[in-house]
Amino acid sequence: MITTEKALEIILNHTEDLGIEEINFKDSLGMVLKEDILADRDFPPFHRASMDGIAITTDAFNSGKRAFKIEGVQAAGSEQLSLKDPENCIEVMTGAMAPVNSDAVIPYELVEITEGIARVSINDIQYFQNIHRKGLDRKEKDLLIAKNTVISAAEIGVLTTVGKTTVKVARNPKVMIISTGDELVEVDQKPEAYQIRRSNVHTLVALLERIKIDADSIHIADDKPLLKQKIKAILENYDVLLFSGAVSKGKFDFLPEVLEELGVEKLFHKVRQRPGKPFWFGKKDSTTIFAFPGNPVSTFVSCMKYFYPWVKKSAGIGFENNDFAILAKSFTFKPDLTYFLQVKLENKNGQILAHPVAGHGSGDLANLVDNDAFLELPRGNTLFNQGEVFPLIRYRGN
Ligand code: AMP
Ligand code: MG
């Protein structure tokens, strides 16, 4: 049995470069950008009025002028006007080009207009006040967004400003989620006394949707020849197989045998952790297989702990977990295993406190609803003290 650190190391040594795809910017939120985005023109592209008001020359103002004849109106979205007489003004709207020859905008709030004359009662003026200068923010050809940035709403704004209708992003893996187990029925079925509805598949689909992966899913009964036949076809058509169940010691846990018989190289089986100890990981050619134990909490935490970093590293971005929280109450855990403790989070004056709500083990999926995250308590200790800081794996927020 290997440690969680070793398991993660092996997984990260078996990532796959899945290449690049070009997609519509509307689908790019959360994806990893695979091209540098340069400014197609200056930001802003012209001297932009940043308030509604009148555009004047500071020379006229500084020579004592306070009443300006209005020559015209410069609206946003119209061609640039010229101030013909430097003693006059032009009304300007936010987002309009500052008229040629003007070098300051006085907001309407400080202006009184009567019979075509704008009067101001201020005593000071700054050169270029309320004019957002051309190229002040970025210059044409400047690097705006570097390759390997994860696209957020901020990047969507910049991508669209420079006219990127399509963007190059890291291709997501094609994933098949496979549940096993003869006790499982569909969500819309009424289970017999000895059955349960299959939930893990849907949890996994949701966990993948969260990282923008659209997965397929299938259920296969605990029947060895059938498992073998179905998995054989799936192996050829997917980048990743995520299993839940059938990897423990039970009489019907056929998966490890079946995978090995199909030529999948076993890279490890069993990790010193709770929940999720019977985790099996392997590879066949370019297809990667994560076989998580079927208990719902095991599948849930293992997907986030192991599959998420695999996806990030495959996409060429940082995969380290930089999220931490403070244990809010001392907790004892005796087995020599890494323990993923379910915690409810509280942000107390900017500090993230993790309140343990341990639940009733790996089958207690209802307890996940009462929590926000897992706190990863390292192996080798038994007492974890209030105030100590541990890595955090969140499934809510963040
Ligand atoms: P296994 O890993 O196949 O031994 O399953 C461990 C436990 O998880 C059993 O109690 C199963 O009934 C349960 N389980 C397995 N697969 C699922 C699933 N897809 N949804 C909900 N529970 C499951
Ligand atoms: Mg099973």
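## The surroundings of the ligand

A residue is counted as near a molecule if one of its heavy atoms lies within 4 Å of that molecule. There are 15 residues around ligand 1, and those that come nearest are Glu183, Ser199, Asn200, Ala246 and Gly294. The model in which these residues are placed is a predicted one.

As for its location, ligand 1 takes up the space of the second largest pocket.

## Polar contacts of the ligand

Backbone atoms of the protein take part in several contacts with ligand 1. A polar backbone atom of asparagine 200 is 3.1 Å from a nitrogen atom of the ligand. Oxygen of ligand 1 is involved at two further residues: an oxygen atom is 2.9 Å from a polar backbone atom of alanine 246, and an oxygen atom is 3.2 Å from a polar backbone atom of asparagine 295. On its own, ligand 1 has 480 Å² of accessible area, of which the protein covers 79%.

## Division into domains

The protein chain is divided into four parts: domain 1 comprises 4–18 + 172–314, domain 2 comprises 22–39 + 140–170, domain 3 spans 48–132 and domain 4 spans 324–394. Between the C-alpha centres of domain 2 and domain 3 there is a distance of 37 Å.

## Backbone features in the loops

One runs from phenylalanine 43 to proline 44, with omega near -15°. Proline 44 belongs to the loop between strand 2 (37–38) and strand 3 (48–49). Another joins arginine 274 to proline 275, where omega is about -10°. The loop that holds proline 275 lies between strand 19 (273–274) and strand 20 (280–284).

Which residue has a positive phi although it is not a glycine? Lysine 270 does, with a phi of about 90°. Lysine 270 is placed in the loop between strand 18 (265–269) and strand 19.

Definitions and conventions:
Residues numbered from 1 in each chain as written. Chains lettered and ligands numbered in written order. Predicted model: local features only at pLDDT ≥ 70, side-chain atom pairs only at ≥ 80, totals over all residues. Heavy atoms only, no water. Domains from an automatic or database assignment. Polar contact = N/O pair within 3.5 Å; in protein donor to acceptor, adjacent residues only side chain to side chain. Areas by Shrake-Rupley, 256 points an atom, 1.4 Å probe, with all protein chains shown as cover. 1 Å grid on protein atoms, 1.4 Å probe; cavity = no way out; pocket = protein on both sides within 12 Å on 5 of 7 lines; lining within 4 Å. Sits in = over half its atoms within 2 Å of the grid points. Helix = DSSP H or I, 4+ residues; strand = E, 2+ residues; numbered from the N terminus.
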